[in-house]
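Let's take a walk through this one together. Have the sequence and the 3D view open as you read.

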Amino acid sequence: MASEDIRHYFDWAATAPPAFPCKPLEFLGNPSSHHSEGRAAKLALENARSRCAAVLNVPAETLYFTSGATESNCIALHSNLFRKAGRVIASDAEHSSIRENVEVQERLGRQAGRIAVDSSGRVNAKLLEKSLEKYGDVRFAAIMAVNNETGAITDTAAIRDVIRKFPGPPVHLHCDLVQAIGKIPVDIPAWDLDSASISAHKIGGPRGIGLLYLRRPLEVICAGGGQERKVRPGTENTEGALALAFCLENRAAPEKIKSEYIPANRRWKKLLNALKTIDRCVIIPRDREEDGFSPYILQAAFRGIPGEVMARALDDLGFSVSTGSACSSSSPERPVLAAMGIEESLSLEGIRISQGWTTTDGEIDLLLEAIAEVLKYL
Ligand code: PLP
């Protein structure tokens, strides 16, 4: 059994431990200043952008540094709809930074709609087609690449085909890549994305820095100093951008993803198979198959134990898990699980377990022991 003094972190989907060089950087000025320190900062910022672009296989000028994926999602959604007609739709599995901004658009008078998800929490081609046909006036569609609650992977190429073949005015395809980057192969050009969001702190970078990919420049509704080519005004976080570039190179390069995927998958199978033998444990979704899921996220419920109680009991034993998205932790509701058709009583018993590159087989064993321990008294 693990000692409470040694922590075992299983909440990587909320944030990852830092994995970027923390040594003091040379002083960089404000990238907008014209003196030597300012020019050095500008150079560093553009260097970071080019390095991110090289990993993501997109032109550097399509990338904008933001404060994180929440802001990237927000800018992509509101700015793309600014002064344009048409409906905004989003999958029922989207993160609150999409879901709640769709509601803002509704409050502003725009028509909004839903794209249903299957029982695993992913959009498939049929469900998307149904939604596009039902509404007929879609301008902007938001569909995430990996579900942050269940780990379900979207078939983004199939989504692209439906969107691009759909008759009528073009639909803007926005993809939240937060739980995909560094975990599964991501191909922005092949997926034909119009915009996408990335967060540094999910791949070992600092919090407060992210990327917005925009295939084409757009008129943006937030004004300020004109930084980031007016897409994201405000003094740039140069140090954060350099750290993000470092993390993308170290965590999201194709060879890295491949080499980490195999051991991660092996650990996850071990956890999954062991959980399946526990009577009171229900894997969410119940029919979670081997393929089609990220081997970094798992949702499970323990009958008769509210998720919050289970998470607290495991925390007391030294294990960090969560009851869903950290950004929605103030609300007990689990809208994504509800959209998957999970009954409320079960969804309130759900916990999210997520792993990362330092997780070991031994930690999986210890987590299973801790769960068994908790089940003895709860
Ligand atoms: N999108 C998804 C799928 C996420 O999981 C998160 C964070 O939990 C975000 C967006 C928000 O990212 P950030 O913390 O960079 O704002």
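A residue is called exposed when its relative accessible area is over 50%, buried when that area is under 20%, and partly exposed in between. Keep in mind that what you're looking at is a predicted model.

Together with Val309 and Leu378, Tyr377 makes a nonpolar surface patch of about 270 Å².

Now for the sheet. Strands of a sheet pair through backbone hydrogen bonds, either parallel or antiparallel. Here you'll find an open sheet of seven strands with mixed pairing, and its order reads E2-E8-E7-E6-E5-E3-E4. Strand E2 (63-66) and strand E4 (112-115) are the edges, each pairing on one side only. On average, neighbouring strands in this sheet are turned by 20 degrees against each other, direction ignored. For a look at one pair, pick strand E7 (residues 195-199) and strand E8 (residues 210-214): they run antiparallel and share five bridges. Within that pair, Ile198 sits opposite Leu211 in E8.

Last, the cysteines. A disulfide is a covalent bond between the sulfur atoms of two cysteines. To count as one, the two sulfur atoms have to lie within 2.5 Å, and by this rule the model has zero disulfides. Take Cys74: its nearest cysteine sulfur belongs to Cys222 and is 7.6 Å away, and Cys74 is in no disulfide. How accessible is Cys74? At 26% relative accessibility, it falls in the partly exposed class. Cys281, on the other hand, has a relative accessible area of 10%, so Cys281 is buried.

Terms used. Residues are numbered from 1 along each chain as its sequence is written. This is a predicted model: local features need pLDDT of at least 70, side-chain atom pairs count only at pLDDT 80 or more; totals for chains, interfaces and linings use all residues. Side-chain values use heavy atoms; hydrogens and water are left out. Patches are made of residues with over 30% relative accessible area and no salt bridge: like charges are joined within 9 Å, nonpolar side chains (Val, Leu, Ile, Met, Phe, Trp, Tyr) within 5 Å. Accessible areas come from the Shrake-Rupley method with a 1.4 Å probe; for residues, only the protein chains shown count as cover. A salt bridge is a side-chain nitrogen of Lys or Arg within 4 Å of a carboxyl oxygen of Asp or Glu. Buried means under 20% relative accessible area, exposed over 50%, partly exposed in between (1.4 Å probe, protein chains only). Two strands pair if DSSP finds at least two bridges between them. Helices (H or I, at least four residues) and strands (E, at least two) are DSSP runs, numbered from the N terminus. Axes are lines fitted to C-alpha atoms, for helices over the stretch in contact, and angles run from 0 to 180 degrees between N-to-C directions.
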